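Thank you all for coming.

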Amino acid sequence: MSNLGILLDATLRAGDYIGFTFFTGYMSMLAASIFFIVERGTVTDKWKTSLLVSALITFIAAVHYYYMRGVWLETATSPTQYRYIDWTLTVPLMCIEYYLILKPAGAKVGMLVRLIVGSIIMLVAGYIGEAVAQEQNILWGVISTLGWALIIYEIYAGEASKLAKATDSEVVKSGYNVLRWFTLVGWAIYPIGYMLLPGNLLSGFVEGIDMSKSSPVDLAYNIADAVNKIGFGLVVYSIAKGATEAEKVKHA
Ligand SMILES: *C/C=C(C)/C=C/C=C(C)/C=C/C1=C(C)CCCC1(C)C
């Protein structure tokens with residue numbers, strides 16, 4: 001067997017830390033999905049959809065992580081296509097979470113559409129920069145950031161933020177603040193990872209690293225996904241639990 005065959009025999013080797021994060025990502029997304037599905041039974045009817053969406057986000061990610069883990073073990077290259085298919089499904093579902101939480105406060109479909117348009121710009125431009133026109137990955141990264149900025153504008157200064165301010169539910173108000181903090185600070189890990197790509201702004205930091213054995217970009221994305229899918233889902237869960245409790249007190 002050639003050296004290459006020994007290196008890439010599709011098993012997880014000691015020292016393959018990127019591989020470790022693909023495995024833990026897969027397993028923790030799966031565990032989170034089971035948690036959200038089971039806990040769905042403990043909240044009032046109007047919160048059940050929110051928990052189902054949390055479960056769908058982590059479940060879709062779990063399936064993609066299963067494939068991404070395989071691509072990494074067999075080829076030691078970034079599973080960029082699977083990554084972006086995952087994000088194209090899960091990021092709009094996170095926009096739907098915002099919509100569901102603000103719907104009792106009067107959220108309209110227009111708000112959801114604006115969030116999804118921002119997501120599409122962000123992800124299509126990111127994919128082009130990463131997989132189609134790598135030489136121009138800075139330009140496409142800037143365009144992608146504009147899409148992200150649309151989302152940030154909507155949740156910090158646009159209609160969504162006004163609705164959250166006006167709601168009479170303290171649980172929703174404080175939960176919303178945590179969710180948008182994820183979208184601002186937690187999501188910032190992704191563009192930082194992207195800037196480690198060859199030729200991009202932070203690539204100097206990872207210059208000496210052997211990319212056939214390691215991938216700092218995937219490390220950043222794997223950490224970011226765990227924080228933003230499981231963490232975000234847990235915040236939605238705590239809003240649902242808190243609102244269910246508040247209703248019980250009101251009816252007691
Ligand atoms: C579950 C997946 C999530 C929450 C994915 C979020 C992805 C981003 C916020 C990606 C953002 C990017 C930029 C803002 C610029 C560079 C290109 C991207 C796509 C990495």
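Predicted model: local features only at pLDDT ≥ 70, side-chain atom pairs only at ≥ 80, totals over all residues.

Let me begin with helix α4 (residues 80-102) and helix α5 (residues 109-132), whose axes come within 9 Å and cross at roughly 165°; axes here are lines fitted to C-alpha atoms, for helices over the stretch in contact, with angles running from 0 to 180 degrees between N-to-C directions. Helices are DSSP runs of H or I with at least four residues, numbered from the N terminus. The two, α4 and α5, are therefore roughly antiparallel, a term used for angles over 145 degrees.

Residues are numbered from 1 along each chain as its sequence is written, and side-chain values use heavy atoms, with hydrogens and water left out.

Turning to the rings, a search of the whole structure finds 15 aromatic pairs, where rings of Phe, Tyr and Trp (its six-membered ring) pair if their centres lie within 6.5 Å, and planes over 60 degrees apart count as edge-to-face. F35 and F36 form an edge-to-face pair, 5.7 Å centre to centre with 70° between the planes. W87 and Y190 are also edge-to-face, at 5.0 Å and 85°, and because W87 lies in α4 and Y190 in helix α9 (residues 189-194), this pair ties together parts 103 residues apart in sequence. Both W87 and Y190 are buried, meaning under 20% relative accessible area with a 1.4 Å probe, protein chains only. Finally, ring pairs link Y84, W87, Y127, Y190 and Y221 into a cluster.

Key
Parallel < 35°, antiparallel > 145°, perpendicular 65-115°, else oblique. Phe/Tyr/Trp six-rings, centres within 6.5 Å; stacked < 30°, edge-to-face > 60°. Buried < 20%, exposed > 50% of the residue type's maximum accessible area, 1.4 Å probe, protein only.
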